[in-house]
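Colleague: Could you walk me through this model? I'd like to start with what sits inside.

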Amino acid sequence: MHLAAYAGQPRMLDLLEQHGAIRDCRYHVQAGDGLQVQGMTAAAREAYAAALRLPSACEDARSRLVRLEESDAIASPGARRQDAAQTVAQLSADTSSPGWVQHAVELWQGQGVVAFPSMLNASMVRALRDRARAALLDGSRRNYAAGYRAAGDKGSLRQWVYLAVDESHGVLQSVAQVLSPFLADALQSSRQLVGELAVLRTRAGSVAQDWHVDTFFADKRVAAVQISLTDTEAAQGALEVLPADASGPNVKLPLPEGSVTLYRLDYWHRGGGHTLSGREDRIVLTSVLVGEHGFVPCENDINMLPEDRGRWWIMGEHVVAASEEASSTREGASPP
């Protein structure tokens, strides 16, 4: 077992104890220390408290828990200054500029996030937006678990629905055609699994999400992807991120339709509040791209239609189903 995979899930430690997997408080202390580094104060407290519940109480955990409760030195990411916010340009790459691939890879490796503003064809994006809106009206496509996590105490103001790869194939193909050299370098493979695919709608009145990471155990060969299907202002539920070292101010990413943003799963982020009354919903196509040798912990849900899971790959500039990939390999040909 790799303890890091459970660092963001302290209650998993209790479950593992029940099955005899962890009975040594040192594991809980290691988890708590990791959570301190990440700034997850409440979760670190829980990890230390779990150590104290073991038959042989760990004094090391007790002393660390006391220090943690007495100190405000570890600030919540949400408390960081929002003035002097960095601009979108500092985290963006223009695919029409010379040297854009190297610049984008440097952003990915150094900051854990890179945006490609207005990258996709407008008419293609609007056609997909129409399909996304139709899907949002189809109750059978709702991912209620993901919607509940995204919405918090505001009920249905944030909503997730599944979208078939066939319905979004043109946009995914355009992403592959434009970004293939970047994806091959950043995700360390010329093949990337389309690991998730869904639509997220943020309605007016939605409050900002809590700061979070999708998982604490992730590598740079895996990327969360947001494709903007609507123009988004800063106060319209825009994605907000923190620098990779979590030491700088928050960065809001208000982006026009057709923009593509990639960020690491262990990157601090949240959906901002949509406070513009009467304005359009923010709609994004979300995905996760996994380099051929990348790893995603199993605690994450798969936000994708069951029939599409594990089936679709980006191979160079093409998006192909696994059956097509196998056929091309047998015939010694390139993907269509």
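Colleague: Which residues touch the most other members of the largest nonpolar core?

Modeller: Of the 60 residues in that core, Val-114, Phe-116, Leu-179, Phe-182, Ile-227, Val-260 and Leu-262 touch the most other members. A nonpolar core here is a set of buried Ala, Val, Leu, Ile, Met, Phe, Trp, Tyr and Cys residues joined through side-chain atoms within 4.5 Å, where buried means under 20% relative accessible area, exposed means over 50%, and partly exposed lies in between, with a 1.4 Å probe and protein chains only. The largest share of this core, eight residues, comes from helix 8, residues 169-186; helices (H or I, at least four residues) and strands (E, at least two) are DSSP runs numbered from the N terminus.

Colleague: And what is this based on?

Modeller: This is a predicted model, in which local features need pLDDT of at least 70 and side-chain atom pairs count only at pLDDT 80 or more, while totals for chains, interfaces and linings use all residues. Residues are numbered from 1 along each chain as its sequence is written, and side-chain values use heavy atoms, with hydrogens and water left out.

Colleague: What does Leu-179 touch?

Modeller: Leaving aside residues up to four places away in sequence, Leu-179 touches Thr-95, Trp-100, Phe-116, Met-119, Val-260 and Leu-262, a contact being heavy atoms within 4.5 Å.

Colleague: How do helix 5 and helix 8 cross?

Modeller: The axes of helix 5 (residues 100-111) and helix 8 come within 9 Å and cross at roughly 45°, with axes being lines fitted to C-alpha atoms over the stretch in contact and angles running from 0 to 180 degrees between N-to-C directions. The contact is made by Trp-100, Val-101, Ala-104, Val-105 and Trp-108 of helix 5 together with Val-178, Leu-179, Pro-181, Phe-182, Asp-185 and Ala-186 of helix 8.

Colleague: Switching topic, which loop holds Ser-118?

Modeller: Ser-118 is found in the loop between strand 1 (113-116) and helix 6 (122-136), and although Ser-118 is not a glycine, its phi is positive, about 50°. Ser-118 is partly exposed, with a relative accessible area of 45%.

Colleague: Is Gln-188 buried or exposed?

Modeller: Gln-188 counts as exposed, at 53% relative accessibility. Gln-188 lies in the loop between helix 8 and strand 3 (191-202), and has a positive phi of about 60° although it is not a glycine.

Colleague: How many helices and strands are there in the chain?

Modeller: The secondary structure comes to nine helices and eleven strands, and buried residues make up 50% of the 336 residues in the chain.
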